[in-house]
Amino acid sequence: MVVHTSPMTEAFESDVERLYGLSLDEFTPARDETSRRLRDEGRREDAAAIKALRKPSNPAWVVNRLAREVPKIIEGLLDAGQRLRDTQLGGGGSLKDAVERERVALDRAMRNAEEIATHAGLASASTLQRVRETLHLAALDPDVAGDIRRGVLTREGRAAAFTGLDGFAAQAAPPKRETAKRKTTAKRRDTAREQRLAKAREKAAAAQRDLKDAERELADLDRALAVAVRRQEQTQARVERARARCASAQKQVAQLEAG
């Protein structure tokens with residue numbers, strides 16, 4: 001995800017969103033040019049934050065493009081994901097129907113994503129699989145959903161912790177004469193599945209928090225490194241000037257002594 005510590009001004013966010021809307025080939029030179037412009041404008045903190053932005057991976061770029069070209073499709077998927085989360089948390093409704101709505105919305109999004117990837121020459125099986133995982137994760141994780149809405153993903157998300165959802169399709173309603181024992185067994189099985197899903201969601205959320213912490217730390221270190229390099233350059237320039245003054249003084253001393 002995009003991480004920065006610069007104040008989230010409207011102008012800064014506009015630059016970020018513009019950069020992540022470019023093609024993969026355009027991103028790096030445009031990012032560097034934007035960083036230089038901000039530095040020239042005296043916005044050094046923004047310039048460092050822009051410079052630290054990562055070029056999106058192929059799957060992340062496809063998802064960003066999808067969010068920009070067909071936002072209604074993305075909103076439909078995220079809405080289906082919200083309904084699924086609400087159902088899992090006891091908000092009422094059929095779990096089977098909620099899972100099916102999320103699957104249908106995901107398939108619809110993937111059809112559009114595949115068209116975008118094909119047009120860009122990125123439609124490999126692995127890329128499309130990671131696009132699907134990212135969209136699936138966004139449907140279940142509001143933090144990921146926020147970055148996708150803005151179209152500013154840098155890396156794809158792994159939805160491995162949620163693959164168990166495919167097995168969440170509720171079984172057909174039992175016949176009216178089903179025994180109480182079978183009903184109790186089915187209820188326990190559904191409860192166990194919900195508990196496993198809840199644990200998986202907790203682990204995924206923890207992993208996301210760890211990732212964000214690591215990305216924030218990396219961004220801080222990148223900015224610190226940039227400052228250190230600049231200081232080293234300034235120090236080197238001062239050393240060169242001092243050497244030149246020393247050489248000039250030595251030359252004058254030699255001339256005086258010779259005279």
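Angles under 35 degrees count as roughly parallel, over 145 as roughly antiparallel, 65 to 115 as roughly perpendicular and the rest as oblique. The model is predicted: local features need pLDDT of at least 70 and side-chain atom pairs pLDDT 80 or more, while totals for chains, interfaces and linings use all residues. Residues are numbered from 1 along each chain as its sequence is written, and side-chain values use heavy atoms, with hydrogens and water left out.

Figure 1. Helices (H or I, at least four residues) and strands (E, at least two) are DSSP runs, numbered from the N terminus. From that terminus the elements read α-α-α-α-α-α-α-α-α. Of the 259 residues, 36% count as buried (under 20% relative accessible area; exposed is over 50%, partly exposed in between; 1.4 Å probe, protein chains only). Among contacts (heavy atoms within 4.5 Å) between residues at least 6 apart in sequence, 73% join residues at least 24 apart.

**Figure 2. Helices α5 and α6 pack at an angle of about 160°.** Their axes lie 9 Å apart. Axes are lines fitted to C-alpha atoms, for helices over the stretch in contact, and angles run from 0 to 180 degrees between N-to-C directions. The pair is therefore roughly antiparallel. The crossing is left-handed (near helix turned anticlockwise from the far one by less than a right angle; clockwise is right-handed). On the α5 side, the contact includes Ile73, Gly76, Leu77 and Ala80. Ala, Val, Leu, Ile, Met, Phe, Trp, Tyr, Cys and Pro count as nonpolar, Asp, Glu, Lys and Arg as charged, and the others, Gly among them, as polar.

**Figure 3. Helices α5 and α7 cross at roughly 55°.** Their axes come within 7 Å. The two helices are therefore oblique to each other. Ile74, Leu77, Leu78, Gly81, Gln82, Leu84 and Arg85 of α5 meet Leu135, Ala138, Ala139 and Leu140 of α7. These residues divide into 8 nonpolar, 2 polar and 1 charged.

**Figure 4. The largest nonpolar core has 29 residues.** A nonpolar core is a set of buried Ala, Val, Leu, Ile, Met, Phe, Trp, Tyr and Cys residues joined through side-chain atoms within 4.5 Å. Val62, Leu135 and Ile148 have the most contacts inside this core. Two or more residues come from each of α4 (58–69), α5 (71–88), α6 (95–119), α7 (125–140) and α8 (142–150). Helix α6 gives the most, with 7 residues. Leaving aside neighbours within four places in sequence, Leu135 touches Val63, Leu66, Ile74, Leu77, Leu106, Ala109, Met110 and Ile148. A second, separate core of 12 residues includes Phe27, Ala47, Ile50 and Leu53.

**Figure 5. Helix α1 (residues 10–19) packs with helix α2 (residues 24–40) at about 160°.** Their axes are 10 Å apart. These helices are therefore roughly antiparallel. Their crossing is right-handed. Asp15, Arg18 and Leu19 of α1 meet Phe27, Ala30, Arg31, Thr34, Arg37 and Leu38 of α2. The contact holds 4 nonpolar, 1 polar and 4 charged residues.

**Figure 6. Ala48 sits in helix α3 (residues 44–51).** At 22% relative accessibility, Ala48 counts as partly exposed. The C-alpha atoms of Ala48 and Val227 are separated by 9.0 Å. Along the chain, these two residues are 179 residues apart.
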